[in-house]
Amino acid sequence: MTKLNASETKTAFATRVGLTKGRISQLVAEGLPVRSDGKIDVAVGLAWIEDNLDPSRRNKGGGAAAPARVSTTLAEAKRLHEIVKVQRAKLAFEREQGQLVETVAATRTVFARARAERDAHMAWVQRTAPLLAAEVGADPRATFAALDRMMREHLEYLADMPLGSFGDGA
């Protein structure tokens, strides 16, 4: 994937969103924000296009008139196509800026963290059981067996909880 810049020339931005440079110039006249150096801030430009691009003003002129039903369907398809292109470009930009993560990577990270926490809890039982048994004067094997069983039950309980029940982490 190519590196995304925070700002681009009108030509580069036109290529990104699948429009002509002339159409971008028209959109600038209609209010598409342009920086003082003549470049377009990618994030701002994508948001503006998504919010303001009027499908009824695109593809004017040229070609023979088609029946209303066919041109309406074609216009709607073109509008949806342009919206999808803008959304894809916006997602690519957000991914490049580090605002999005891949689902597979997030799942792998959460799974690795859960496994590490499980292992740490089980190691805690092994370290703590003899100390607890000595402190209360109990049999170390019986203390370990009871503490191990209780920890495993607790970890199973946590594993059965749906992810949404943990809140948003904030």
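The model is predicted: local features need pLDDT of at least 70, side-chain atom pairs count only at pLDDT 80 or more, and totals for chains, interfaces and linings use all residues. Residues are numbered from 1 along each chain as its sequence is written, and side-chain values use heavy atoms, with hydrogens and water left out. The protein chain holds six helices and two strands. Helices (H or I, at least four residues) and strands (E, at least two) are DSSP runs, numbered from the N terminus.

**Confidence**
- Mean pLDDT for the protein chain is 83, and 84% of the residues score at least 70. pLDDT is the predictor's confidence in each residue, from 0 to 100.
- Among the elements, helix α6 (residues 140-160) has the highest mean pLDDT, 94. Helix α4 (residues 68-96) has the lowest, 81.
- Over residues 57-70, pLDDT stays under 50. The model has nine contacts beyond four places in sequence for this stretch. Contact means heavy atoms within 4.5 Å.
- Where pLDDT is low, the predicted coordinates should not be read in detail.

**Fold**
- Along the sequence, the pattern is β-α-α-β-α-α-α-α.
- Take the contacts with a separation of 6 or more: residues 24 or more positions apart account for 56% of them.
- The protein chain has 170 residues, and 20% of them count as buried. Buried means under 20% relative accessible area, exposed over 50%, and partly exposed in between (1.4 Å probe, protein chains only).

**Nonpolar cores**
- The largest nonpolar core has 16 residues. Such a core is a set of buried Ala, Val, Leu, Ile, Met, Phe, Trp, Tyr and Cys residues joined through side-chain atoms within 4.5 Å.
- Residues with the most contacts inside this core include Phe 13, Val 17, Leu 27 and Leu 46.
- Helices α1 (10-17), α2 (21-29), α3 (42-52) and α4 each supply at least two residues of this core. Helix α3 gives the most, with four residues.
- Phe 13 touches residues including Ile 24, Leu 32, Ile 40, Leu 46 and Ile 49, not counting residues up to four places away in sequence.
- A second, separate core has six residues, among them Met 122, Leu 147, Met 151 and Leu 155.

**Salt bridges**
- The count comes to 10 salt bridges. The rule is a side-chain nitrogen of Lys or Arg within 4 Å of a carboxyl oxygen of Asp or Glu.
- In helix α6, Asp 148 and Arg 152 lie four residues apart, about one turn of the helix. Their side chains meet in a salt bridge at 2.9 Å, N to O. Asp 148 is buried, at 14% relative accessible area, whereas Arg 152 is partly exposed, at 46%.
- Glu 76 pairs with Arg 79 in a salt bridge, the closest N and O atoms being 2.9 Å apart. These two residues are three apart in helix α4, so about one helical turn separates them.
- Glu 102 and Arg 95 form a salt bridge at 3.1 Å, N to O. Glu 102 is partly exposed, at 45% relative accessibility. Arg 95 is partly exposed too, at 35%.

**Surface**
- The protein chain exposes about 12200 Å², and carbon and sulfur atoms supply 57% of it. Accessible areas come from the Shrake-Rupley method with a 1.4 Å probe; for residues, only the protein chains shown count as cover.
- Tyr 157, Leu 158, Leu 163 and Phe 166 make a nonpolar surface patch of about 450 Å². Patches are made of residues with over 30% relative accessible area and no salt bridge: like charges are joined within 9 Å, nonpolar side chains (Val, Leu, Ile, Met, Phe, Trp, Tyr) within 5 Å.
- Leu 163 sits in the segment after α6. Leu 163 is exposed, with a relative accessible area of 69%.
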